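Reader: I've just opened this structure and I'd like to learn how to read it. Could you walk me through a few features?

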Amino acid sequence: MKNIKTIVYVCIFAFSLMACNDKWDEHYQAKVTGTKSELNLYEYIKSKSELSIFADMIRIAGYEKVLTSSQTYTVWAPVNESLKDFDLTDTIAVSNIVKNHITRFLYSTSDLSSVSVNMLSDKIIVFERRNATFVLGNSPLTSGEVLAKNGIVHTVAT
């Protein structure tokens, strides 16, 4: 009985050492090729004048709480030029646009070839490198990615 307890303690100790290594931590951290921000996702988007319409859409759809939470998300934020003719009074369409541009987890351009992304709308959209350009579906990224406190922001032209 004493041998079994010893084996259990040794196993627990060994597993705790493995969980504290850098390889384990690297698995859950994004390798971001862009800049870093101390703001959360919603604050960052709201602070960028070229993303002001999408920031309003996030607020209208009620997703500002989601993007200020401690959970990690990736946001592909459309620039104002892409949304300038959109009717912000159509709250259902606004909500759909917002959910089509946000996903859980971190999706960086670092080492990206192609990945299928499950958006909050439950649509699956391909995020991929096409030659020297990164594209979400058919929307090219318009600037480098930004690592915010709780996720990554990409800007896109839709």
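Predicted model: local features only at pLDDT ≥ 70, side-chain atom pairs only at ≥ 80, totals over all residues.

Reader: Which order do the strands of the open sheet have?

Author: The general idea comes before the case. Strands of a sheet pair through backbone hydrogen bonds, either parallel or antiparallel. Here the open sheet has 5 strands in the order S1-S8-S9-S2-S3, and the pairing is mixed. Strand S1 (35-36) and strand S3 (102-104) are at the edges with a single partner strand each, so one side of each has no neighbour in the sheet.

Reader: How many bridges join S2 to S3?

Author: Strand S2 (residues 73-78) is joined to S3 by 3 bridges, and the two run antiparallel. To see them line up, find Thr 74, which stands opposite Thr 103 in S3.

Reader: What about hairpins? Which residue takes a positive phi in the hairpin of S5 and S6?

Author: Strand S5 (residues 124-130) and strand S6 (residues 133-136) run antiparallel, joined by 4 bridges. Glu 128 has Val 135 in S6 as its bridge partner. There are 2 residues between the strands, and Asn 131 is the one with a positive phi, near 60°.

S6 also pairs with strand S7 (residues 139-140), in the antiparallel sense over 2 bridges. Leu 136 has Ser 139 in S7 as its bridge partner. This hairpin too has 2 residues between its strands, and Gly 137 in the turn has a positive phi of about 65°.

Reader: Now the helices. At what angle do H4 and H6 pack?

Author: Compare the directions of the two axes. Helix H4 (residues 52-61) and helix H6 (residues 91-99) pack at about 115°, with axes 9 Å apart. Angles of 65 to 115 degrees count as roughly perpendicular, which means H4 is roughly perpendicular to H6. Their crossing is left-handed. Phe 54, Met 57, Ile 58, Ile 60 and Ala 61 in H4 meet Thr 91, Val 94, Ser 95, Ile 97 and Val 98 in H6. Sorted by type, the contact has 8 nonpolar residues, 2 polar and no charged.

Reader: One last thing: is Leu 51 buried or exposed?

Author: Check its relative accessibility: under 20% means buried. Leu 51 has 0%, so it counts as buried. Leu 51 lies in the loop between helix H3 (41-47) and H4. Beyond its neighbours within four places in sequence, Leu 51 contacts Ile 45, Ala 77, Pro 78, Val 79, Asn 80 and Thr 155.

Key: Residues numbered from 1 in each chain as written. Heavy atoms only, no water. Axes fitted to C-alpha atoms, helices over the stretch in contact; angles between N-to-C directions. Parallel < 35°, antiparallel > 145°, perpendicular 65-115°, else oblique. Left-handed = near helix turned anticlockwise from the far one by under 90°. Contact = heavy atoms within 4.5 Å. Nonpolar A, V, L, I, M, F, W, Y, C, P; charged D, E, K, R; others polar. Pairing = 2+ DSSP bridges. Buried < 20%, exposed > 50% of the residue type's maximum accessible area, 1.4 Å probe, protein only.
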